[in-house]
Amino acid sequence: MPTAASTAGIVADHRQRPMRADARHNADALLEAAKAVFAEAGVDAPVRSIAERAGVGVGTLYRHYPLRSDLISAVFRREIDACVDAATEIEATYPPGEALDHWIMRYMQFVATKRGLAAALHSGDAAYEPLAEYFATRLAPTLQRLLAAATESGDIVQDVEATEFLGAVANLCHGGGPSGENPGQAERMVRLLLAGLRATDVD
């Protein structure tokens, strides 16, 4: 793929201009395709396979995401945003305690997506450094809001920091195996963790 120096101006210009409807459709299709391909074959999968799955040409992919890191970062941010947005609908549908449980299950789906991106995100590449802050400023406040509501309603009685709880759930999900061979086990462990928030005899 092109180098960062040769594409910096293109990326800046692309982000400043509003997208046409067809361009937005192509960008969304590319992100959905990249998410699936990264989960199946890792982040080093050929970009041609992503473009083919999205139903666009490779040139279209490069116009939207000149660098592989641009594409990976966009997938990661999109999944964070979807997870955060899901909280609003969940809160409107369920009482606080159930809303917390449902959203944590939704967060587990996000962690499964993140597993496919882990090699890149933990590579030390400076291109991914902003993602840690994006994760913290988007997901942690969402969970904190859900925890506060469940505490106020009396559905949970244990205090826990949102960031710590997110990390604990992620660790339990990774315990299901490097490729998620046993997702049922991870879900059982996470549900036990949620039950612990309701326990009154924990020191």
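In this predicted model, the axes of α5 and α7 come within 10 Å and cross at roughly 10°. Angles under 35 degrees count as roughly parallel, so α5 is roughly parallel to α7. On the α5 side, the contact is made by Ser73, Phe76, Arg77, Ile80, Asp81, Cys83, Val84, Asp85, Ala87 and Glu91. On the α7 side, the partners are Pro130, Leu131, Tyr134, Phe135, Arg138, Leu139, Thr142, Arg145 and Leu146. Sorted by class, the contact of α5 with α7 has 11 nonpolar, 2 polar and 6 charged residues.

Helix α7 also packs against α8. Here the angle is about 100°, with the axes 8 Å apart. Since angles of 65 to 115 degrees count as roughly perpendicular, α7 is roughly perpendicular to α8. From α7 come Phe135, Leu139, Ala140, Leu143, Gln144 and Leu147, and they meet Ala162, Thr163, Phe165 and Leu166 of α8. Split by class, the contact of α7 with α8 has 8 nonpolar and 2 polar residues, with no charged ones. Phe135 and Leu139 turn up in the contact of α7 with α5 and again in the contact of α7 with α8.

Now for α2 and α3. These two helices pack at an angle of about 130°, and their axes are 8 Å apart. That angle makes α2 oblique to α3. As for handedness, α2 passes α3 in a right-handed crossing. The residues of α2 that take part are Ala29, Leu30, Ala33, Ala34, Ala36, Val37, Phe38 and Glu40, while α3 brings in Ser49, Ile50, Ala51, Arg53 and Ala54. By class, that gives 10 nonpolar, 1 polar and 2 charged residues for the contact of α2 with α3.

Stepping back to the whole chain, the secondary structure comes to 9 helices and 0 strands. Read from the N terminus on, the elements run α-α-α-α-α-α-α-α-α. The protein chain has 203 residues, and 41% of them count as buried. Take the contacts between residues at least 6 apart in sequence: 74% of these join residues at least 24 apart.

What sits in the middle of the nonpolar packing? The largest nonpolar core has 61 residues, and Leu100, Trp103, Ile104, Tyr107 and Leu139 touch the most other members. The elements that give two or more residues to this core are α2 (21-41), α3 (47-54), α4 (58-64), α5 (68-93), α6 (96-121), α7 (129-152), α8 (162-174) and α9 (183-198). Of these, α6 gives the most, with 12 residues. Which residues does Tyr107 touch, leaving aside its neighbours within four places in sequence? Tyr107 is in contact with Cys83, Phe135, Leu139, Leu166, Val169 and Ala170.

His25 and Ala54 are 29 residues apart in sequence, yet their C-alpha atoms are 10.0 Å apart in space. Ala119, found in helix α6, counts as exposed too, at 61% relative accessibility. The C-alpha atoms of Ala119 and Asp44 are separated by 9.4 Å, although the two residues are 75 apart along the chain.

Conventions
Residues are numbered from 1 along each chain as its sequence is written. This is a predicted model: local features need pLDDT of at least 70, side-chain atom pairs count only at pLDDT 80 or more; totals for chains, interfaces and linings use all residues. Side-chain values use heavy atoms; hydrogens and water are left out. A nonpolar core is a set of buried Ala, Val, Leu, Ile, Met, Phe, Trp, Tyr and Cys residues joined through side-chain atoms within 4.5 Å. Buried means under 20% relative accessible area, exposed over 50%, partly exposed in between (1.4 Å probe, protein chains only). Helices (H or I, at least four residues) and strands (E, at least two) are DSSP runs, numbered from the N terminus. Contact means heavy atoms within 4.5 Å. Axes are lines fitted to C-alpha atoms, for helices over the stretch in contact, and angles run from 0 to 180 degrees between N-to-C directions. Angles under 35 degrees count as roughly parallel, over 145 as roughly antiparallel, 65 to 115 as roughly perpendicular and the rest as oblique. A crossing is left-handed if the near helix is turned anticlockwise from the far one by less than a right angle, and right-handed if clockwise. Ala, Val, Leu, Ile, Met, Phe, Trp, Tyr, Cys and Pro count as nonpolar, Asp, Glu, Lys and Arg as charged, and the others, Gly among them, as polar.
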